[in-house]
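Have the sequence and the structure open while reading.

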Amino acid sequence: MNRTDALIELDQVTKSFGAFQVLKGISLAVKDGEAVCIIGPSGSGKSTILRCINGLIPINSGSIRVGTHEVHKMKTEKEMRPLRHQVSMVFQQYNLFPHRTALQNVMMAPVQVLGHDRREVEARARRLLAKVRLSEKADAYPGQLSGGQQQRVAIARALAMEPQVILFDEVTAALDPETVKEVLTAIRELVDEGLTCILVTHEMKFAREVADRVCFTDHGRIVESGPPAQIFDAPQDPRTREFLGQVL
Amino acid sequence: MALIATYAGKKRTVQLGIALALVAWVALDATGGGGEGWARVWARLPILLTGNGSGWPLSGGFALNVFLSLCAMAMAALLGTALGFGMLAKNRLVRVPCFFVMNFLRNSPWLVLLFAMLYIIPFNVRLFGVSIAIPAFAKAVIGLALPTAANFAEIIRGAVQSIHSGQWEAARALGYMPMAIYGRIILPQALRRMIPGWMNLYALLMIATSLATVTGIQDVITTLNTLLAMENERVIVYFYITALFLFFAFCYPLALLARRMEQSVKGDSL
């Protein structure tokens, strides 16, 4: 792939927490409209990669570019504001704001951070809640919703920022098997619409279905990456084979 | 569910038992000459409550304790808020001294702090050539506000830090600036957790106002001591029980309310 036309580009990114090196040189390029799944064992640095892309975690060396933003050069939250507008994130633990209703959760940031018109944002928020099939729960507080419903509100909240990219961090890991499906359905629709998505996931079947490309990470490195058919059916690296042998 | 019901039932039975025992004791005691003691207390009750024999205007007594606790709490709220946010500051130069001050004040006996204020704060201050007298009441307010402020600050810090870190992460990911994260996301949630703690603290402060008698203000304890000098030794115990009950009647409802609020906050999700 020609690197310059990539929307997101990571080059030799390293990150340490104290003495522990989590990322040992990650290079990755994601095109506009591409859906990339990152799989791998726990502690291999999957979630850290996502948090580096939107600047939640500063990196030690290497470079990260998202669109025109050079993430590795940004120091303050204020500098990162345009980046956060472009890149949304959905978390494993949903992290909805418990003191606000579902509708308010979706509306808050566009009104308060982006300064969009309230009425326009409310229309957008209701449309997004309808998209994730939660129109009737608009006035419910997060505590009154099931895990799957909360996660769908979180997806609507991320979409309300009108991002170019959404990062999904093990969004189904805290859900029970029945509700996993409703969340995955919502994500699949976004991928089909051509939104750029990077997904860290343990749902191998889902990764195989939606991803344009799958990356396998182990011990802070991307060991192998390629189309899902290649990774799942004919893995080249012995570590990928071992991991897939365990989870499939 | 059944277990909770029996627990609540048992609790109510015990409480009823204590109340009945108290009434029985008072009734039994009244037949043995206790009625006379209560009559003396009743005659002096206006002065204990208001510092004034006729009950009006308010000039001391228990009313002064209430006023003192309110003043000290207001001052503690101001100081404690500053101290609490100081302890949450990113800058070490702010945070470390705040922690030091908080620990020092929180681990000092309240009575010692009161005495310290009594002697550290001068009787007179000369400001621009004008001599201003500092009343004992002001010293009592400051002396009680200092330890209360330290505890107030700890309640703020504890509540803010009890908010799940995912809330910070989510807010940052949505582009909120640190101040906005505090104002719009962290504090609204933390405040719910602070209020019961503050109410408990206020009840403690109210009880501690009885210490302020050492500053010489005419609070309920000073008034009580003055009165007792003129009373028969046998009735002293009735006066002390009355003073005890005054504080109890004021603080117990607060403690109950605080506990109920704690229960309602407990279920908050992440």
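Strand E1 (residues 8-17) of chain A and strand E4 (residues 61-66) of chain A run antiparallel and are joined by five bridges. Across this pair, A:Glu9 stands opposite A:Arg65 in E4(A). The model is a predicted one.

**The sheet in chain A**
- Chain A has an open sheet of four strands, ordered E2-E1-E4-E5, with antiparallel pairing.
- Strand E2 (20-30) and strand E5 (69-70) of chain A each have a single partner strand, so they stand at the edges and one side of each is left without a neighbour in the sheet.
- In a regular strand, side chains alternate between the two faces of the sheet.

**The hairpin in chain B**
- Strand E1 (residues 124-127) of chain B runs antiparallel to strand E2 (residues 130-133) of chain B, and four bridges join them.
- B:Asn124 has B:Ala133 in E2(B) as its bridge partner.
- Two residues lie between E1(B) and E2(B) in this hairpin, and B:Phe128 in the turn has a positive phi of about 50 degrees.

**The bent helix in chain B**
- Helix H7 (residues 178-208) of chain B has 31 residues, yet its end C-alpha atoms are only 38 Å apart, short of the 45 Å that a straight helix would reach at 1.5 Å a residue.
- H7(B) has a kink of about 50 degrees at B:Ile186, shortly before the proline B:Pro188.

**Contact between the chains**
- On chain B, 19 residues are in contact with 20 residues of chain A.
- Helix H6 (165-173) and H7 of chain B are the elements giving two or more residues to the side of chain B that touches chain A.
- That side of chain B consists of 10 nonpolar, five polar and four charged residues.

How values were computed. Residues are numbered from 1 along each chain as its sequence is written. Chains are lettered from A and ligands numbered from 1 in the order in which they are written. This is a predicted model: local features need pLDDT of at least 70, side-chain atom pairs count only at pLDDT 80 or more; totals for chains, interfaces and linings use all residues. Two strands pair if DSSP finds at least two bridges between them. The expected span of a helix is 1.5 Å times one less than its number of residues. The bend at a residue is the angle between axes fitted to the seven residues ending there and the seven starting there. Two residues are in contact if their C-beta atoms, placed from the backbone, lie within 7 Å. Ala, Val, Leu, Ile, Met, Phe, Trp, Tyr, Cys and Pro count as nonpolar, Asp, Glu, Lys and Arg as charged, and the others, Gly among them, as polar.
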